[in-house]
Amino acid sequence: MAIFLTADSKVIVQGMTGSEGTKHTTRMLASGTNVVGGVNPRKAGTTVEFPGADGTNIEVPVFGSVADAVAATGADVSVIFVPPAHTKGAVVEAVDAGVPLVVIITEGVPVADTAEFFAYAQEKGVRLVGPNCPGLISPGKSNVGIIPADISGPGRIGLVSKSGTLTYQMMYELRDFGFSSAVGIGGDPIIGTTHIDALAAFEADPETDLIVMIGEIGGDAEERAAAFIQEHVTKPVVGYVAGFTAPEGKTMGHAGAIVSGSSGTAQAKKEALEAAGVKVGKTPSETAALARELLSR
């Protein structure tokens, strides 16, 4: 089993014919993702040829709208690779088409736009992942976004992370155990899926035995996650908070959250998590070692 993304997921790519969309669609297909279409109004009715996982070529149709793609393919996931100025329109279009899971890779999306499309998606019951995120992967089943598929395989660890780079590092460090799913939620001030959403999903997933949670300085998302863990999570959780060496007043590169005094510091988050029973490492490798110790018991 996996959370949010399974082998049966049918994926469309908004922005598939752009350079980033083409590059990452090639990677997604090579890892076995069921990409059923792309969206570009100017290229509707054409196809794009990609190398498939089995060495044969795959022709992916391009549709003029998300609604057309959903009607033709039954797509239930959309991944968005469009410029920031067009991201709000792309998300709203996917929500209006009834796509239940929309993954927004684009960085630099104006916060006001995110606030608007996030509220709209919530109203319509659509799950967003991102923006400014690496996407999500259920190894051996499906991979949507930019997470490298070859750094780890299937297993029983669930990973939720604000940081793309630390997602990759943690998957590689624990590659011998493998992952049920890994979700990169992004570090913008407003995001769709939160630590708590992923924690709840992993708690309910019978094929996840241990959860790794990666946060970073700024804001209070990790403290809220700690409170949720204390009340609702029975599985072991291992954590890491990026930014232990950051000085007061520091803003993380993509978090948009300023550390002031003790509020939002790595130490404050570490203490909140440890009070909830989470083992917290001071480095990613130390965190992986804590997970390894628990999984080897």
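This note walks through a sheet, a pocket and some backbone features of the structure.

1. The structure is a predicted model. Read every value below as computed from that prediction.

2. The sheet. Seven strands form an open sheet with mixed pairing. Their order is β9-β8-β11-β10-β12-β13-β14. From one strand to the next, the twist averages 15°. In general, the strands of a sheet pair through backbone hydrogen bonds, parallel or antiparallel.

3. The edges. Which strands stand at the edges of the sheet? They are β9 (142-145) and β14 (279-281). Each has a single partner strand, so one side of each is left without a neighbour in the sheet.

4. A parallel pair. Strands β10 (residues 154-161) and β11 (residues 179-184) run parallel. Six bridges join them.

5. The largest pocket. It holds about 710 Å³ of space. The lining has 33 residues. Closest to the centre are I80, F81, V82, P83 and T106.

6. What lines it. Helix α1 has the largest share, with four residues. How does the lining divide by residue type, and how many residues are charged? There are 12 nonpolar, 16 polar and five charged residues.

7. The loop between β7 and β8. Two backbone features deserve a look here. The peptide bond from G130 to P131 is cis, with omega near 10°. P131 lies in the loop between β7 (127-129) and β8 (135-138). N132 is in the loop between β7 and β8 as well. N132 is not a glycine, yet its phi is positive, about 55°. For context, most peptide bonds are trans, and most residues other than glycine have a negative phi.

8. F4. This residue also has a positive phi, near 70°, and is not a glycine. F4 sits in the segment before β1 (11-14).

9. Buried or partly exposed: what are N132 and F4? N132 has a relative accessible area of 14%, which is under 20%, so it counts as buried. F4 has 24% relative accessibility, so it counts as partly exposed.

Methods. Residues numbered from 1 in each chain as written. Predicted model: local features only at pLDDT ≥ 70, side-chain atom pairs only at ≥ 80, totals over all residues. Heavy atoms only, no water. 1 Å grid on protein atoms, 1.4 Å probe; cavity = no way out; pocket = protein on both sides within 12 Å on 5 of 7 lines; lining within 4 Å. Points joined across faces, edges and corners; volume = space filled by probe spheres on them. Helix = DSSP H or I, 4+ residues; strand = E, 2+ residues; numbered from the N terminus. Nonpolar A, V, L, I, M, F, W, Y, C, P; charged D, E, K, R; others polar. Buried < 20%, exposed > 50% of the residue type's maximum accessible area, 1.4 Å probe, protein only. Pairing = 2+ DSSP bridges. Axes fitted to C-alpha atoms, helices over the stretch in contact; angles between N-to-C directions.
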